[in-house]
Amino acid sequence: MDRVIWLSEMIKKNGWTSGVEVGVGQGSTSRKLLLTGIHLTCVDIVDKTKILPIDPNLRFLKMTSVEAAKLGGFYDFVFIDADHSYEAVKADIEAWSPLTNFICGHDYCNKWPGVMKAVDEIYPKAILTQDLCWAVQK
């Protein structure tokens, strides 16, 4: 099972209506998550508006993750998959944790030791889920 299927199932199972994707990549995760009907805020430092669908449930913020978190709000989940350095992942987790009860991310593996170190340091009891993802239900 890949991360998008896992996260889509979590959205449906929990009746979530809002979420954040930090790090858009090619937009495939965003497009698939929008199919659940969720209101999705996508955050990336690169303008991704040309690859993301036009959807009334989508808000795109071209800024750093930490800047976006400072806008506030509360979300059912936050999915972190942007800069994989230790410093960036730690900053992302610290910035978004107060804004959600379910924080998760991608690439918890030896290829990305910064992700592992930041998650282990802040959330030592994080669970490992599908497709190299980590998650914390607070």
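User: What percentage of the 138 residues of the chain count as buried?

Analyst: In this predicted model, 50% of the 138 residues count as buried, where the criterion is a relative accessible area under 20%.

User: Why is Val4 called buried?

Analyst: Val4 has a relative accessible area of 9%, and because buried means under 20%, Val4 is assigned to the buried class. Its place is in helix H1, which covers residues 3-14.

User: Which residues does Val4 touch, not counting those up to four places away in sequence?

Analyst: Val4 touches Thr29, Lys32 and Leu33 under that exclusion, a contact being defined by heavy atoms within 4.5 Å. Gly37, for its part, is 33 residues from Val4 in sequence and 14 Å from Val4 in space, taken C-alpha to C-alpha.

User: How many helices and strands does the chain have, and what makes the chain as compact as a globular protein of that length?

Analyst: The chain has five helices and seven strands. Its radius of gyration is 14 Å, close to the 14 Å that the globule rule gives for 138 residues, so the chain is as compact as a globular protein of that length. Along the principal axes, the C-alpha trace spans about 35 × 30 × 25 Å.

User: What share of the contacts between residues at least 6 apart in sequence joins residues at least 24 apart?

Analyst: Among those contacts in the chain, 57% join residues at least 24 apart.

Definitions and conventions:
Residues are numbered from 1 along each chain as its sequence is written. This is a predicted model: local features need pLDDT of at least 70, side-chain atom pairs count only at pLDDT 80 or more; totals for chains, interfaces and linings use all residues. Side-chain values use heavy atoms; hydrogens and water are left out. Helices (H or I, at least four residues) and strands (E, at least two) are DSSP runs, numbered from the N terminus. Buried means under 20% relative accessible area, exposed over 50%, partly exposed in between (1.4 Å probe, protein chains only). The radius of gyration is taken over C-alpha atoms; the globule rule is 2.2 Å times the number of residues to the power 0.38.
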